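Subject: Structure for you to look at

Hi,

Here is the structure I promised to pass on.

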Amino acid sequence: MTPFARPAGPRSLAARQAAAAAGTAVLRGVLAEDDARLLLLVPDPHARFAAVELAAPFAASVLDDGYGVCSYVFAWTPDREPLAASGVLGGYLEGFGDLRMRPDAATAIPLGDRTWAVVCDAEWPSGRIAELAPREVLRGQLAALEGLGLVPSVGIEHEVVFTGANGPLTAHGTDYALGGTEHLAPLLADIRSGLAEAGLGVESARAECHPGQYEVVLRHRDALAACDDVLLQQLIVRRAAARHGVTASYLAAPEPGQGNSGHVHLSLSTVDGSPPDLLGGFLAGVLRDARALTAVWAPTWNSYVRLRTAPFSPRDVRWGHDDRTAAVRVAGPPSDPRLEFRFAGADAQPHLVVAALLAAGRFGLEEGLAPPEPGVSAGTLATSPWEALSLLERAGELLGADVAAQLTALLTEEIESGLDAVTDWQRRRGALRS
């Protein structure tokens with residue numbers, strides 16, 4: 001097993017750190033070669049990477065010294081414009097200074113053409129962590145969970161829609177189909193090759209239920225790796241799609257009644273490796289706070305189209321055994337169950353989604369909560385961005401006041417931008433009045 005391998009199952013923060021140290025030594029040798037390049041990647045709040053590419057021989061030194069990235073990457077809009085500067089966000093926007101990217105060599109993957117990509121942590125010049133960096137938010141929740149002697153294993157399913165000049169690459173849904181996916185075959189072969197070369201550990205792939213929709217699932221792994229790798233997977237998928245003249249869209253609702261989901265499969269292990277009771281306090285905590293965390297699961301205007309219209313994106317907060325109509329599905333054998341959380345869309349920031357699940361579940365464990373019976377509703381998710389915005393005070397208790405302030409600023413900007421836009425729906429409604 002190489003230092004860059006993604007082992008299946010849980011891995012403690014200390015074990016990850018050891019893997020990063022081993023990976024740094026190997027990566028330094030690779031980057032010392034002529035023409036080698038290093039792509040530094042930092043996950044931003046919009047489920048994408050901020051990136052800087054470096055060339056040899058300088059790239060190798062960055063593994064020790066880090067490299068700068070403008071602090072506003074954690075306080076910007078999808079258009080890469082700064083958010084309104086207030087509270088904690090002001091520190092990220094004042095002067096537009098640099099944070100330091102610290103490569104986590106355990107995340108390294110080859111991208112071809114003598115280029116390696118590595119996901120980075122972010123810190124202030126003083127060495128203090130950048131508290132709004134999604135990766136740091138997740139790491140904080142992992143450390144708190146380890147304080148209870150628990151380590152999670154996570155698998156994330158992101159659906160994607162492939163669209164060409166004439167629309168989706170399949171004219172209709174092809175759920176589990178082989179026939180009808182022929183137009184996808186050359187692109188899928190390219191994606192398969194890229195993911196294999198990167199060593200991301202694909203478990204399965206299949207056609208999905210909406211036109212042009214497909215799903216590639218990576219094996220379950222430690223939470224940081226799962227979130228990093230699903231974004232690296234998107235990077236590889238989008239690059240392959242571009243080579244074929246195709247768009248790969250992770251929009252939560254490609255059309256009304258359709259959904260690109262970001263389901264999270266999660267199990268827990270104790271330090272000694274034994275499975276704890278997932279169906280008690282952890283499940284109860286998530287069910288209790290799922291509504292308050294809607295802004296995490298549904299960060300965009302389009303997210304609410306998915307929640308309101310897509311039939312397999314349930315708003316009702318209930319759980320069930322192997323029930324895909326429930327917001328939380330218990331899957332796996334009775335001796336080793338896992339929870340599938342079906343709240344989030346593919347547009348949600350995965351590090352924040354998993355951090356929110358861990359925080360809510362940990363509070364449930366610490367408070368000794370008990371879940372309702374399967375099939376019994378514990379409430380509903382928010383049905384509009386306004387409603388989700390009004391609930392974010394609880395997110396501050398779970399994830400910290402700074403993160404709640406960031407979420408508030410992001411969702412407020414999303415609402416205001418939507419209200420400032422003229423859409424095809426508005427044009428159609430206007431035409432009906434003439």
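Below is what came out of it, going from the whole chain down to single residues.

A word on the ground rules first. This is a predicted model, so local features need pLDDT of at least 70 and side-chain atom pairs count only at pLDDT 80 or more, while totals for chains, interfaces and linings use all residues. Residues are numbered from 1 along each chain as its sequence is written, and side-chain values use heavy atoms, with hydrogens and water left out.

**The whole protein**

The protein has 14 helices and 15 strands; these are DSSP runs numbered from the N terminus, with helices being H or I over at least four residues and strands being E over at least two. Its C-alpha trace spans about 60 × 55 × 50 Å along the principal axes.

Of the 434 residues, 54% are buried. Buried means under 20% relative accessible area, exposed means over 50%, and partly exposed is in between (1.4 Å probe, protein chains only). Among contacts with a separation of 6 or more, 71% come from residues 24 or more positions apart, a contact being heavy atoms within 4.5 Å.

The protein exposes about 17,700 Å², and carbon and sulfur atoms supply 54% of that. The areas come from the Shrake-Rupley method with a 1.4 Å probe; for residues, only the protein chains shown count as cover. As for charge, there are 36 positive and 52 negative side chains, with the centres of the two sets 3 Å apart. Lys and Arg count as positive and Asp and Glu as negative, leaving out His and the chain ends; each charge is placed at NZ of Lys, CZ of Arg, CG of Asp or CD of Glu.

Take a look at β7, residues 150-164. Since 13 of its 15 residues are buried, β7 is largely enclosed by the rest of the structure. Two strands pair if DSSP finds at least two bridges between them. Here are the partners of β7:

- β12 (residues 262-270) runs antiparallel to β7, with nine bridges; leucine 150 stands opposite threonine 270 there.
- β10 (residues 213-218) is antiparallel as well, with five bridges, and glutamate 157 stands opposite valine 217.
- β11 (residues 247-249) pairs in the antiparallel sense over three bridges, where threonine 163 faces threonine 247.
- β8 (residues 167-168) is joined by two bridges, also antiparallel, and threonine 163 stands opposite proline 168. β7 and β8 form a hairpin with two residues between them.

Most residues other than glycine have a negative phi, and most peptide bonds are trans.

The peptide bond from alanine 56 to proline 57 is cis, with omega near 0°. Proline 57 sits in the loop between β2 (49-55) and α2 (58-65).

Alanine 47 has a positive phi of about 60° without being a glycine. Its loop runs between β1 (37-43) and β2, and at 8% relative accessibility alanine 47 counts as buried.

Arginine 114 also has a positive phi of about 60°, and is not a glycine either. Arginine 114 lies in the loop between β5 (109-112) and β6 (115-123), and its 43% relative accessibility makes it partly exposed.

Cheers
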